[in-house]
Amino acid sequence: MPRDTPEITPETLLMAYAAGIFPMAEAQDDPEIYWVDPKRRGVFPLDGFRLSRSLAKVIRRGDYEVTLDRDFAGVVDACAARETTWINAPIRRLYAELYADDYAHSLEVWSGGALVGGVYGVTLGTAFFGESMFSRRRDMSKLALAFLVTLLRQRGYTLFDTQFLTDHLASLGAVEIPRQHYHTLLADALQHRARLTGPVPQPSEVAHLRSQTS
């Protein structure tokens, strides 16, 4: 699709999400943004998260802390700290502004006071648009997703958009759907309201996902 310039505003970005498209950059040092509307879209059915026995054990162990919106910038920076990334300076600035306006959120995983995993995304209506995640310790991105899915269910969200389907996400229960089906789900989600606020789920609540999906 045609490229846009870095002058894009947070308001335009929200309109894009509502229309089913999202921004990317070719590389971290590329100042331009382009729009993506995949023919097939990755989504997480909120009742279909695949929690393995080993991950449930990690969750129950509880040697970590999970927070919501404590370090949004830290999560974005960690997600961008890769050899190749689509998070450039304009995108980072735009999401920081969405976070300030309560449209973007992060879920952080901490161990020993250090940020070891997390995920961030954008919310509109009852849709959560997952942008990126990272892990600095084994299973921490999976753990972050398990907590996020539980939180979204508790808060009344209906759509968890992962943009693309990867083998990693598929192993956890994400699926791929046609663009038209995605737009139908999105249109419905935009008719309702939910807020990603309040305390994060307890480990016992997240581990309970296994009994629901086994």
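**Entry 1: Glu65**

A reminder to myself before anything else: this is a predicted model. I began with Glu65 and asked what it touches beyond its neighbours within four places in sequence. The list came back as Arg70, Glu108, Val109 and Trp110. For Arg70 I also found a polar contact, side chain to side chain with Glu65, at 2.9 Å. As for where Glu65 sits, I placed it in strand E5, which covers residues 65-68.

**Entry 2: H3 against H4**

Next I turned to helix H3 (residues 72-80) and helix H4 (residues 89-100). Their axes come within 11 Å, and I noted a crossing of roughly 155°. An angle over 145 degrees counts as roughly antiparallel, so that is how I logged H3 and H4. The crossing of H3 and H4 is right-handed.

Which residues meet here? From H3 I wrote down Phe72, Ala73, Val76 and Asp77, and from H4 Arg92, Tyr95, Ala96 and Tyr99. By class, the H3 and H4 contact has six nonpolar residues, two charged and no polar.

Gln28 is 55 residues from Glu83 in sequence, yet I get 9.4 Å between their C-alpha atoms.

**Entry 3: H1 against H4**

H4 came up again, this time with helix H1 (residues 10-18). I have these axes coming within 9 Å and crossing at roughly 85°. That falls in the 65 to 115 range, so H1 and H4 go down as roughly perpendicular to each other.

On the H1 side, the contact is made by Pro10, Leu13, Leu14 and Tyr17. On the H4 side I listed Leu94, Tyr95, Glu97 and Leu98. I sorted the H1 and H4 contact residues into seven nonpolar, one charged and no polar. Tyr95 was already in my notes from the H3 contact.

**Entry 4: H2 against H5**

How do H2 and H5 cross? For helix H2 (residues 53-61) and H5 I noted roughly 80°, with the axes coming within 10 Å. That makes H2 roughly perpendicular to H5. From H2, I wrote down Leu55, Val58 and Ile59. H5 brings Met140, Lys142, Leu143, Ala146 and Phe147. I counted the H2 and H5 contact by class as seven nonpolar, no polar and one charged.

**Entry 5: positive phi**

Last, I checked backbone angles. Asp139 has phi near 75°, a positive value in a residue other than glycine. I found Asp139 in the loop between strand E8 (127-135) and helix H5 (140-155).

Gln163 also went on the list, with a positive phi of about 70° although it is not a glycine. This one lies in a strand: I have Gln163 in E9, residues 159-163. Why did I log Gln163 as buried? Its relative accessibility is 5%, and the cut-off for buried is under 20%, so Gln163 qualifies.

Note on methods
Residues are numbered from 1 along each chain as its sequence is written. Side-chain values use heavy atoms; hydrogens and water are left out. Helices (H or I, at least four residues) and strands (E, at least two) are DSSP runs, numbered from the N terminus. Contact means heavy atoms within 4.5 Å. A polar contact is a pair of N or O atoms within 3.5 Å; within protein, one must be able to donate a hydrogen and the other to accept it, and residues adjacent in sequence count only if both atoms are side-chain atoms. Axes are lines fitted to C-alpha atoms, for helices over the stretch in contact, and angles run from 0 to 180 degrees between N-to-C directions. Angles under 35 degrees count as roughly parallel, over 145 as roughly antiparallel, 65 to 115 as roughly perpendicular and the rest as oblique. A crossing is left-handed if the near helix is turned anticlockwise from the far one by less than a right angle, and right-handed if clockwise. Ala, Val, Leu, Ile, Met, Phe, Trp, Tyr, Cys and Pro count as nonpolar, Asp, Glu, Lys and Arg as charged, and the others, Gly among them, as polar. Buried means under 20% relative accessible area, exposed over 50%, partly exposed in between (1.4 Å probe, protein chains only).
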